[in-house]
Structure formats: structure tokens, C-alpha cells
Amino acid sequence: MKVACVGGGPAALYLSILLKRQDPSHDITVHERNPAGSTYGWGVTYWGGLLEKLRAGDPESADAISEHSVRWSDGVAHVGDRTTVHHGDEGHGIGRHRLLDILADRARSLGVRVEFESEITAAAQLPGADLIVAGDGVRSALRERHAGHFGPEVSIGRNKYIWLGTTKVFDSFTFAFVETAHGWIWCYGYRFSDEQSTCVVECSPETWTGLGLHEASEADGLALLERLFAGPLDGHRLIGRAKGDGSAQWLNFRTLTNRTWRRGNVVLLGDAAHTTHYSIGAGTTLALEDAIGLAGALRGSTDGPPDLGPALARYERERRSALLSVQSAARYSAQWYENLPRYIGLDPAQMFALLGQRHSPLLPHIPPQLYYRIDRAAEQLEPLRRMKRWLGPRVARTLHGRTGAPRG
Ligand SMILES: Cc1cc2nc3c(=O)[nH]c(=O)nc-3n(C[C@H](O)[C@H](O)[C@H](O)COP(=O)(O)OP(=O)(O)OC[C@H]3O[C@@H](n4cnc5c(N)ncnc54)[C@H](O)[C@@H]3O)c2cc1C
């Protein structure tokens, strides 16, 4: 089968590895518009369960990812000058550059052609492909060209965020909330190597314009953020983008869904098909799981169309259903931050506990202190604990490690 994967992100690269392992006779090319070694973003988090899935799919790349990942086991929240620590929140981090290098090297070693500076915006550029995989991210050109068919819907988050790096190596997953004359601004920091950490900064649009971040140059904006977060950063620098990757932008998060994920022999994968708010740290994991799902559905499909239709339908059905609870968690998590004033004045231990419950559909409808008391009481009652586990095992697994919350 001749496969063209558009986009050299985690989703399409990993799919190319899995398909090549399933059948070395597949002819697979990955087209990435950027030059080799250039990408957006810094480190990404994931949880232990992902490594098991990756090991089942391709032990070599799983071992390399594990070897180049860092781990942490605590969560820390700084609210102004008060600090709360929660022990036992395990997580893993890896640099996005490193992850992509590992996947691209592995794909090449299996015989996949990885072509950089190869921008594809229409299926017509890929004559002869039996399968075209649109792994070209949230703004997928392949999808947008047939937007009437795919039916993308985008909901734009209210808050502004910027994805930065820093030389501060955080020991724990760190949340820092700082009050300014224009409202609260906060960051999530986690290390992804022994030299650097990710630092995602977020605030309301009012705080953003009040602080002048909307008109500041990149250097002035970073200098202001370094001053505001000087405590948690221990005086370390913030970095916009790695050398050669352009400059970091303030954005509003785009939560994307699509009416369908396939059109003939074109199929959407990863962020091109769906996005989940970064505050649950799951997008890369979901993109890799999409690749596992698609490769599984295609196992045995060697003839290309018309054999592909049922396989693509199965992939879409299974992945959509697997995503439901995580998409819900991500929406509520994003809303929690948009409603920060509702929680920020609580006692620090309560605030940190509710930060860990931010994916709950009930929390927005119950006074926070009452919710906290009910949640604590539920912890004492075995039937309620069992119900919580039954209600949200997958959500809990997704969120562990970034919450600072006791596990339920
Ligand atoms: C602030 C922030 C923090 C995040 N933190 C985490 C985290 O901690 N953990 C986590 O799991 N996820 C995280 N994510 C989400 C994660 O980055 C994405 O979900 C993930 O990268 C999706 O992978 P993908 O392969 O689908 O798309 P992408 O990684 O976006 O890759 C798409 C690729 O396609 C290329 N491309 C685009 N158009 C074309 C074209 N026309 N032709 C050829 N190539 C093209 C792009 O250059 C890009 O390389 C975060 C996201 C944000 C915004």
C-alpha cells in the first residue's frame, strides 16, 4: 500500500512506524513542511500508561522515549507567597524536539521516507497514494480544503496563553499564581530534560492587555514575565522559541472537533481531528493513541481502496468513543482556569485540591467549599470512593501527575 502522511508531528511519524512494522512492503512517505529539527513548543508531559502502549507498538522507539524522558513525583502550587505541596503526583516529560527526532530516526531506519520542507495542501499533490493521512495539526490544510465535508467546529478559549521554555529545572510539577494590579496571571512549569523546563503562562484577556502584553515586543514581554515569576523561576530566564523556530506567540486555545474524520482515502489523525486543552497535558498521548488505533484498524488492509473504507470507519468510531471522557475533562479544566476568581481565594490546601478536581462537571455548579467538603467526606466512604473510580478511571489516569490532587 502506498501511504502519504502529511505532517511530521508525533501522530503521523508514529503511524508511519507502526504501519511499516506491520508490513515492510508498504511504501510510506512523511511530508513535513518545516526544515528538519524545527518545531513549535517545548516539553510535553505524559503518564506511565502511555509507555506500555508504545512498547507494545514498537519497543525500540518506546525505549528511546523512556530513556530521554525525565520524571517527577510531586506537585507544588504557589499562590502569591503561599506554597502547597502534594506528594506522589508522578509524571513524565520529554522535549518535543527530542521526541520528534526519535520518531523520525526510527521511521527512517524502518524504510519510511521523511521529507522535510515538503508542504502539502491538497490531495492532488500526492498522486498514486492509496491512503492519505492528514496529520498536519489543528490548522490542517487538507481538512480545511474540504471543510464542508469534514465539518470542523472550533471553540476558541477565552484566556491568552504562551508556550515558553526556561533554564529553571523544576523538581516538581509547578503551578504559580501571581496577582497583579490587572488580575491574576499563572504558569505551569515542568521539566523535560536535565537542563530545561516548559513554562506555559496563562491569564485572562483583561490581565493580558492591562499588563501591556498585547503590545510588548517578545523581549519586553518575557522580561515582564520573568519579573512576575521571579520567585518560582529562581531568577532563571524564560525563552520564547528554540533557535531557528521563530518567535513565541500569545494565543487563544482552539478546541477542535470534526463531524467526520474521513473522506475517501483521506483520514484525519491527531490534532487535525481533535484537540484537548493543554491544561490536561494529553494532546500528544491522544495523537499517538490515534496512530495506534489507525494502524490497528488497517492491519491486513494491503490493497488500498476499496478495502480501506471499513477500516477507516472502525478507526474513527473507536477513537471517537475513547476520546469522549478526555474531551469533557479538557473542557471543564479550561473553564476552571477561566473561572479562577471563584477558587483563588480559598484556603491553599482547598484550592490545590479543587485544582485537582477541575475536570469535574459538578464543580462549576456547587459552591467550591461545599464541593471540597463533600469530596473529602466521599474519600472516607468506600461505596462513594468506588463510584468515583467507576465514573472516572480514564479521566483520572489522564490527569494524574498534573493535578496536585489526591487520587480518587
Ligand atoms: C501550550 C501547549 C502545551 C501542550 N502540552 C502538552 C503536554 O504536556 N502533553 C501532551 O500530551 N500534549 C501537549 N500539548 C498538545 C500537543 O502539542 C499536540 O496535541 C500534539 O503535538 C499533536 O500532535 P500532531 O502530530 O497531531 O500535530 P502537530 O504536533 O501539530 O504536528 C503537525 C505537523 O504538521 C506540519 N504541517 C502542518 N501543515 C502542513 C502542511 N500543509 N504540509 C506538511 N506539513 C504540515 C506541522 O509543521 C507539524 O510539524 C500541548 C499543546 C499546547 C498548545
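How far apart do the C-alpha centres of domain 1 and domain 2 lie? They lie 28 Å apart. The views below come from a predicted model, in which local features need pLDDT of at least 70, side-chain atom pairs count only at pLDDT 80 or more, and totals for chains, interfaces and linings use all residues. Residues are numbered from 1 along each chain as its sequence is written, and side-chain values use heavy atoms, with hydrogens and water left out.

View 1. The domain assignment, which is automatic or from a database, gives domain 1 (2-70 + 91-155 + 254-331), domain 2 (156-252) and domain 3 (360-403). In this view, 22 residues of domain 1 are in contact (heavy atoms within 4.5 Å) with 24 residues of domain 2. About 1,700 Å² is buried between domain 1 and domain 2, and carbon and sulfur atoms give 65% of this area. Buried area is the accessible area (1.4 Å probe) that two parts lose on being put together, summed over both. On the domain 1 side, Trp-42, Val-70 and Tyr-278 lose the most area to domain 2, together 45% of what that side buries.

**View 2. The shell around the ligand.** Helices (H or I, at least four residues) and strands (E, at least two) are DSSP runs, numbered from the N terminus.

**View 3. Oxygen atoms of the ligand.** A polar side-chain atom of Thr-45 is 2.8 Å from an oxygen atom of the ligand. For Pro-10, a backbone N or O atom lies 3.2 Å from a ligand oxygen atom. In the side chain of Asn-34, an N or O atom is 3.3 Å from an oxygen atom of the ligand. The protein covers 95% of the 1,000 Å² of accessible area (Shrake-Rupley method, 1.4 Å probe) that the ligand has on its own.

**View 4. Ile-366 in its loop.** Ile-366 is in the loop between α13 (348-355) and α14 (368-380). Leaving out residues up to four places away in sequence, Ile-366 touches Arg-342 and Tyr-371.

Conventions:
Polar contact = N/O pair within 3.5 Å; in protein donor to acceptor, adjacent residues only side chain to side chain.
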